[in-house]
Amino acid sequence: MSTPIFALVIGIDSYKSGSIWNLHSCVDDAERIRRWLLHDLDVPKDQVRLLSDSQATKNNIEDTFMEHLVNNPSIQRDDPILIYFAGHGSRLSAPKDWYPGIRKPRTVEVLCTYDFDSKDEHGRISGISDRSMNAMLRELAAVKGDNITLILDCCFTPFQTPENLRERSRTRWTPPSRARSEDLWRGLWPGARALPQHSQFGFLEPCPTTHVVVAACSPGHIATEGKEGGRLTSNLLYAFHNLTLHRTTYAQLLDHLNHHAGEGQHFVCLGKNKSRVLFNDVPFTVDRQFLSVTSGRGRDLRIEAGKIHGIVEGTEVSLHDHNYRCSKNPAFAVAVVLKVYSTWSLARVKPQSQDVPVPRCCWGRVARWNNPMPFRIKLKSSVASLTRVWKLKKDIPLDSARTLKSSGITVERVDHAKQADISLTVYRRDIVVERNESSIVGKLGERVVRIQDTSPVKAMNDAARFNLHLENNNPEKPLENVTRMEVYDIDPETLSKVGRNLLRDGRAVIHCNYNPIFTVMLTNTSKYDLWPYIISMDPNNYATHMIYPHPEEEEELYAPLPAGGMLEIAANWPEPEGDWHSRKHWKGHSGFLKVYFVSASVHMNMFEQSARPPSALGFPSRSSMFLDAASTTSSIHTLVHVWDTVLTYVSFVPMFDSTS
């Protein structure tokens, strides 16, 4: 699941003007912030804009600010926005009338862009002044909300003490050489001209309302860098990796930073919203891969996942304090499943973890599925990926089973493609998957797919996990003859079914224009009240999504499909990665619909795999009775729950001529 953070990250080491002392780690710091956003917070690449050295001119920074942030239609109001700057700060004498009514000479703080102090056809470049930045942030907050974080790893007005002078070569500050006060008027942000500058606090206003600012130091002190990078950035990244961020406010972050930094540089955090959790808690959503765990008598644990989820005896579950994404959450123990029931399991902490206290309630994540048959893979390399594939082959020796860390599934690398479930050919920017799984190729016939912007490790994890859940079923088939599934076209206005049943011999062909929506009709003639769960499984990118109930909906207290009843569901197939809506490129799609019937309400969201969930349709599902439900036996109090699955193959065919 991707995180809706949008960032403008700026790092400048080498300046255009020869009179400015170059720095050494600002670009690296910016790259590290970018990697943290991408890898730790799961922010998509296109939501982070990095400008380094010659890219970070004054005009380019301002243009990118408008294009990537202010005018970006992808940013919804109150989405988190991060602006990070690492480079030199400076100050210039304030020009006349800069501060209305103040005659005493004042200075203006500026961020030194790459072309700071250099000459253009109109004069000298004065960087981005505090007045300009404050106006820019007001414009941004007006359209996108005040969930804005400004990080400044630089300084503006260091005292020229002997101690500070000794640190001159490592200080992120430079005096102006040729830029003059009149250049400030010429370089002022247009929106700032109509706003008189009354504040004399520069970038560090005591309580800004549009944003929270985290700065490297207070006025008069220095911001330094070393082998580890800028002190602020290094301490920030250390804190990000060592704090439970979903419980950390900006104020608490500041306390941690200054405590960890010790003597010397003293960091600053200001803003009306500094008591908020970082980024207003938006990135730290519930991770659906976590399972509820409760401890009972002795060392026994109840895991809220069972046979229906693919759990078997010997499955290992790591135990954690919370279930939030993007927040430090190490495992404190590992439990092994001893007994498996339909919807839950009995586990016990492994001997090496027995001295660790287990709380009454905690969270678990499958660390090893213990799948009896390893998922077999064949690895191939291109010229551009020789080194990457060589390292991967070293980690997974030939004909030996290994458990993948991310998915917890046991895989085996084989030497011949005929022995493999999939063959991966790794290229520079994408992966080509050649599939031999009979359950996929035999039904859909699509043998080779190309997956863009992924790594071979992720492709292996996704394919192995997809295959595990696709093939998991109840061999006893207790509901096979007493449940029925039908698929219909849908009226887009009323979201009601129209036409005849499209499902024939386990396959449905749905004609649609761009938006693949349809109706699923479920019928229950059993004696059990049932909770149905519908999952889309896309073998073209190994994405799985919960279609019904929608992942964001509350848990149903009463069975949506009671004994002797039927349920009509308006469903939509999640958009695949790529240009789904393009008339020129979209030529249809196919995948699996898997329906789970179970006589109890269970958490099935752990099947979610991919960053793009389906959108919820506007009309609720419809339930109706055609038998006497009062005469049937309710399953609410049944200790042993009944479950079964139905697997359907669906093809979405465009109604238009794709060549037109």
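Predicted model: local features only at pLDDT ≥ 70, side-chain atom pairs only at ≥ 80, totals over all residues.
Local features need pLDDT of at least 70 and side-chain atom pairs count only at pLDDT 80 or more, while totals for chains, interfaces and linings use all residues. Residues are numbered from 1 along each chain as its sequence is written, and side-chain values use heavy atoms, with hydrogens and water left out.

A pair of aromatic rings is described by the distance of the centres and the angle of the planes. Rings of Phe, Tyr and Trp (its six-membered ring) are paired if their centres lie within 6.5 Å; planes under 30 degrees apart count as stacked, over 60 as edge-to-face and the rest as tilted. The search of the whole structure finds 10 aromatic pairs. In one of them, Phe156 and Phe203 have ring centres 4.8 Å apart and planes at 15°, so the pair is stacked. Phe156 lies in the loop between β9 (148-153) and α4 (162-166), and Phe203 in the loop between α5 (181-186) and β10 (212-215), so the pair ties together parts that are 47 residues apart in sequence. Helices (H or I, at least four residues) and strands (E, at least two) are DSSP runs, numbered from the N terminus. Both Phe156 and Phe203 are buried, where buried means under 20% relative accessible area, exposed over 50% and partly exposed in between (1.4 Å probe, protein chains only). Ring pairs also link Trp36, Phe240 and Phe279 into a cluster.

Ser169 is placed in the loop between α4 and α5. With a relative accessible area of 34%, Ser169 is partly exposed. Ser169 and Trp21 are 148 residues apart in sequence, and 7.8 Å separate them in space, C-alpha to C-alpha.

Helix α8 (residues 386-395) contains Arg388, which is partly exposed at a relative accessible area of 36%.

Most residues other than glycine have a negative phi, and most peptide bonds are trans. Asp281, which is not a glycine, has a positive phi of about 70°. Asp281 is located in the loop between β13 (268-270) and β14 (291-295) and is partly exposed, its relative accessible area being 33%. Asn370, also not a glycine, has a positive phi of about 65°. The loop between β19 (361-368) and β20 (375-381) holds Asn370, which is partly exposed with a relative accessible area of 25%. Tyr548 and Pro549 are joined by a cis peptide bond, with omega about -10°. Pro549 is in the loop between β32 (543-548) and β33 (565-572).
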